[in-house]
Amino acid sequence: MAQSDWGLRQQWVKSCHDWIGPPDKHSNLRPVHFHVPEDESAAEQKLRELRQETQEWNQQFWANQNVTFRKEKEEFIHSRLKAKGLGLRTESGQKATLNAEEMADFYKEFLSKNFQKHMHYNRDWYKRNFAITFFMGRVALERVWNKLRPKQKTSS
Amino acid sequence: MAKKICVTYSDHLEDPPRELDMEAAWNASKQWVTFQHFTFLKRMYVTQLNRSLRQQIKPKSEPVASPFLEKSSSSQAKTEVYEMKPFAPSTLSLPRKPNETELIELESASIIEGSVDVGKETKDEKQWKEMKLHVDDLPGILARLSKIKLTALVVSTTSAGFALAPGPFDLSCFLLTSVGTGLASCAANSINQFFEVPFDSNMNRTKNRPLVRGQISPLLAVTFAACCAVPGVALLTWGVNPLTGALGLFNIFLYTCCYTPLKRVSIANTWVGAVVGAIPPVMGWTAATGSLDAGAFLLGGILYSWQFPHFNALSWGLREDYSRGGYCMMSVTHPAPALGVTTWTFPVIALPINLYISYLGFRFYRDADRKSSRKLFFCSLWHLPLLLLLMLTCKRRGADRDSGEPQS
């Protein structure tokens, strides 16, 4: 089914589930459109907001990370080629590249430069992931409980 | 003569004329068209329904900018010509059941798996999908969540450990051990994927995992893991022996709570990971004998050593993804000089294997009985293929370096 903007929003309105999209071109993360049910409870709302906020936070981190990586990689390649006295293009007109050994220096440097940043991100990600899953469990139990309760009322 | 099919549409989209596309797809199936933009669209694809392959036409999907992202250019007519390709059903084969001789391929299958799935997923890539779990899809999703091929490899090393251990072969014990270990491995792999969602999204090898694609919720993944871990460890503890159960539980902990987080902190993760890989055969041994003796440690030692060339060969090709994703791997932090690695690692790693078979040879010479001959025989079955594998993984790294890797 072709997905125009309008068609997609129509589908969202009719559906009672979340929708997940294609990977973002900068962050590679898939955005989720969260469905807001009419009878959303406080716990469900809290969960949804946490997931929304985490999604934005993740998006920002990874988009920034990947864009920076690509930029620094290009700069590294340019500077090394310059140092070697080579142009940016080979004779056949293709983009000049460095070999694996030379690129290894860049990868190593990038990893160590961003180490602290990754540590903070890891810690926050684990916390958020646990929190989201915990709240999901709570919401699921709440739903089960609500389904059982009206039956008790009618029987008693 | 190749026909060019042009479709124009504006950014604020209306549905393009679908009938034209459908007809064009069938009539011009043999004609190639060029395309100007990066978009690549498949007209037809084979879908898998109830495990049978059926060909369906689906109207082409449009490359739609996510409603969340800023529209970079306001209503601008774009001319796009679409490329059509016949879709080969063979790219959608079901995962093969691994057998003993394909041990080598199973781990690298995870690399290949990524590229096979890409064929299927390229069409899905552009689509928004409803996050609704279909029961039909669940077995496939859970198989990928639990890394079923890797689990099968782990269970086969456990079986090998069981078979190599001294004493009569007890079939029921063997089966309980295999099932218990398999369940424990499924649990550990699921938790690993649960922890690694954003990192997996950013690496080519792992970007088609179920949690990344939203096919399953994190809650369900954790529940599944618990439903595997509890019966798995219980089966090992009470169905086999407590020692094996304890090793299984310890290995789950080691993999999920030590190795997985450590991957992003220090290169020590490789050593921890090697222990994780070495424990299953030891579990097979303890299941058969009920105790940890020299044989168990030697067997564990062999697999521990094997993990290094195996892993280093795998990680060599992934350095860019590891660096960008923030993984601390030796292939990134300690890129070895050109010729050094291939020459010295092989004899070092082969040494424990050669020591073990020498030890068994000596025992056989000394005892000259059925028991020692059986042990020596089984070891010799392993010894040569293992050495060949080691040589192969060491050689591959050298070859990669010599030819120079193409840079993306």
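1. Contact here means heavy atoms within 4.5 Å, and on that basis the contact between the two chains takes 55 residues from chain A and 56 residues from chain B. This is a predicted model in which local features need pLDDT of at least 70 and side-chain atom pairs count only at pLDDT 80 or more, while totals for chains, interfaces and linings use all residues. Residues are numbered from 1 along each chain as its sequence is written, chains are lettered from A in the order in which they are written, and side-chain values use heavy atoms, with hydrogens and water left out.

2. The area buried between chain B and chain A (the accessible area, with a 1.4 Å probe, that two parts lose on being put together, summed over both) is about 5100 Å², and carbon and sulfur atoms give 61% of it. The count between these chains is 1 salt bridge, a term for a side-chain nitrogen of Lys or Arg within 4 Å of a carboxyl oxygen of Asp or Glu. A:K73 and B:E320 meet through their side chains in a salt bridge, at 3.0 Å from N to O.

3. Over all chains the structure holds 24 aromatic pairs, where rings of Phe, Tyr and Trp (its six-membered ring) pair if their centres lie within 6.5 Å, and planes under 30 degrees apart count as stacked, over 60 as edge-to-face and the rest as tilted. The rings of A:F61 and A:W62 are edge-to-face, because their centres are 5.3 Å apart and their planes stand at 85 degrees. Both A:F61 and A:W62 are buried, that is, under 20% relative accessible area, with exposed over 50% and partly exposed in between (1.4 Å probe, protein chains only).

4. A:F130 and B:F195 also form an edge-to-face pair, with 5.8 Å centre to centre and 75 degrees between the planes. This pair joins two chains, because A:F130 lies in helix α4 (residues 115-155) of chain A and B:F195 in helix α5 (residues 171-195) of chain B; helices are DSSP runs (H or I, at least four residues), numbered from the N terminus. A:F130 is partly exposed at 45% relative accessibility, whereas B:F195 is buried at 7%.

5. One aromatic cluster is formed by A:W57, A:F61, A:W62, A:Y121, B:F199, B:Y322 and B:Y327. A:R128 lies over the face of A:W57, at 4.3 Å from the ring centre, and B:R264 lies over the face of B:F199, at 3.5 Å; a charge sits over a ring if NZ of Lys or CZ of Arg is within 6 Å of the ring centre and within 35 degrees of the ring normal.
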